[in-house]
Amino acid sequence: MKGIIPYNGFIKVIEKPIPEIQSNRDAIVKVTRSAICTSDFHIINNAAPRYIPNTILGHEFTGEVVEIGSDVKKLKTGDRVAANCITFCGECYFCRHGFINNCMKGGWELGCRIDGGQAEYVRVPYADMGLNKIPDNLSYDNALFVGDILSSGYFAAEEVKTDDVVAVIGAGPVGLCAMMCAKYLGAKKIIAIDIDNNRLKFAKQFADYTINPQIENIEQTVQEITKYGADYVIEAAGGNDTFETAWRIARANAIVFIVAMYEKEQLLPLDRMYGKNLTFKTGGVDAVHCDKLLQLISDGKISTDFLISQSFPFEQVEEAYKEFQKKETYKVILEL
Ligand SMILES: [Zn+2]
Ligand SMILES: [Zn+2]
């Protein structure tokens with residue numbers, strides 16, 4: 001079968017044998033859709049130390065179950081499934097407490113340490129945990145982002161309360177998912193902050209206000225909109241000064257949720273924020289709500305279809321990667 005691996009700062013197509021069941025809890029999935037993610041470029045650019053060389057990329061995919069191990073209970077062959085980008089056992093201390101991305105036997109495995117979903121077939125360990133059945137009324141496209149970026153956005157917005165004014169820094173795919181989820185969870189107003197006007201324009205489908213910090217003073221504008229500062233801040237940009245922006249635009253006693261990934265250390269100037277009584281929450285994808293999110297999509301409450309900028313047949317994977325690299329797109333997907 002064909003699969004994609006990093007090669008010389010880009011990718012290449014290789015041949016590998018179709019994966020086989022290795023443990024009773026495994027399933028083999030025939031891939032139908034696979035997305036390209038910024039994390040794939042972290043691997044390509046040698047910025048993911050977890051990565052095992054020559055592992056097939058891809059941690060955001062859907063497919064059909066074609067084979068199951070003898071201990072797989074929830075799934076059967078023929079099931080249409082969406083993958084969770086986190087592999088987790090469901091039994092260890094962290095899994096039992098719902099902190100699945102800290103699973104002691106898992107983590108980011110697929111497309112990083114185990115051959116992933118940018119291939120014709122993929123072996124998914126702990127299949128009952130890591131695969132979610134797609135409701136009948138949803139297509140593969142509808143369900144594709146549930147186990148990675150939608151989970152990240154939902155995780156970031158999870159504690160939004162009714163009538164909160166939510167400021168989201170970064171209007172990329174995760175920021176947009178966070179805005180959508182915040183709105184679903186009852187946010188009164190959404191403020192989208194980004195340096196790219198096209199992204200801000202796109203964010204208007206969820207945002208009541210948009211701020212471009214290269215044109216306006218963010219703190220002042222947030223103050224004018226909210227009077228006291230934002231009730232809830234989601235930092236999904238990971239820029240040089242976006243962490244500082246996040247706590248500065250938060251009102252006293254706000255929640256500041258950091259879902260961004262930084263390339264450098266960040267300063268937490270407690271002396272300057274004394275008395276602001278902020279709650280900081282950190283973390284990336286916490287894909288513990290996949291079934292619930294699929295249900296919300298099925299019920300028409302949320303949808304990630306707007307994120308699909310372009311689809312390519314799997315044979316044109318190089319073009320797909322080049323298109324994603326331009327950064328003018330949101331998500332580029334491969335159809336198998
Ligand atoms: Zn990803
Ligand atoms: Zn576990």
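This is a predicted model: local features need pLDDT of at least 70, side-chain atom pairs count only at pLDDT 80 or more; totals for chains, interfaces and linings use all residues.
Trainee: OK. Which domains is the protein chain divided into?

Mentor: There's domain 1 (2-148 + 286-335) and domain 2 (152-282); the bounds come from an automatic or database domain assignment. Their C-alpha centres lie 28 Å apart.

Trainee: And how many residues are in contact between them?

Mentor: 11 residues of domain 1 are in contact with 10 residues of domain 2. Contact means that the C-beta atoms of two residues, placed from the backbone, lie within 7 Å. The domain 1 side of that has 5 nonpolar, 2 polar and 4 charged residues. For those classes, Ala, Val, Leu, Ile, Met, Phe, Trp, Tyr, Cys and Pro count as nonpolar, Asp, Glu, Lys and Arg as charged, and the others, Gly among them, as polar.

Trainee: Switching to helices. How do H5 and H6 cross?

Mentor: H5 (residues 149-157) and H6 (residues 173-184) have axes that come within 7 Å and cross at roughly 50°. That makes H5 oblique to H6, because angles under 35 degrees count as roughly parallel, over 145 as roughly antiparallel, 65 to 115 as roughly perpendicular and the rest as oblique. Axes here are lines fitted to C-alpha atoms, for helices over the stretch in contact, with angles running from 0 to 180 degrees between N-to-C directions.

Trainee: What's in that contact, by class?

Mentor: The residues divide into 12 nonpolar, 2 polar and no charged. On the H5 side they include Ile 149, Leu 150 and Tyr 154, and on the H6 side Val 174, Cys 177 and Met 180 are among them.

Trainee: And H8 with H9, at what angle do they pack?

Mentor: At about 30°, with their axes 10 Å apart. That makes H8 roughly parallel to H9. The contact is made by Ile 218, Glu 219 and Val 222 of H8 and Thr 245, Arg 248 and Ile 249 of H9. By class, it has 3 nonpolar, 1 polar and 2 charged residues.

Trainee: Is H9 mostly covered or mostly open?

Mentor: Mostly covered: 6 of the 8 residues in H9 (residues 242-249) are buried. Buried means 20 or more other C-beta atoms within 10 Å of a residue's own, exposed means 12 or fewer, and partly exposed is in between, with C-beta atoms placed from the backbone.

Trainee: Which ones are buried, and what covers them?

Mentor: Thr 242, Phe 243, Thr 245, Ala 246, Trp 247 and Ile 249. The cover includes helix H8 (218-226) and strands S8 (165-169), S11 (230-235) and S12 (250-258). Helices (H or I, at least four residues) and strands (E, at least two) are DSSP runs, numbered from the N terminus.

Trainee: Now loops. Where does Gly 116 lie, and why is it buried?

Mentor: Gly 116 lies in the loop between helix H2 (93-96) and strand S6 (121-124). It counts as buried because 30 other C-beta atoms are within 10 Å. Among the residues it touches are Thr 55, Leu 57, His 59 and Val 122.

Trainee: How far apart are Gly 116 and His 59?

Mentor: They're 57 residues apart in sequence and 5.8 Å apart in space, C-alpha to C-alpha.

Trainee: And Asn 54, buried or exposed?

Mentor: Exposed, because Asn 54 has 12 C-beta neighbours inside 10 Å. Asn 54 is found in the loop between helix H1 (38-44) and strand S4 (61-68).

Technical notes:
Residues are numbered from 1 along each chain as its sequence is written. Chains are lettered from A and ligands numbered from 1 in the order in which they are written. Lists of a residue's contacts leave out its neighbours within four places in sequence.
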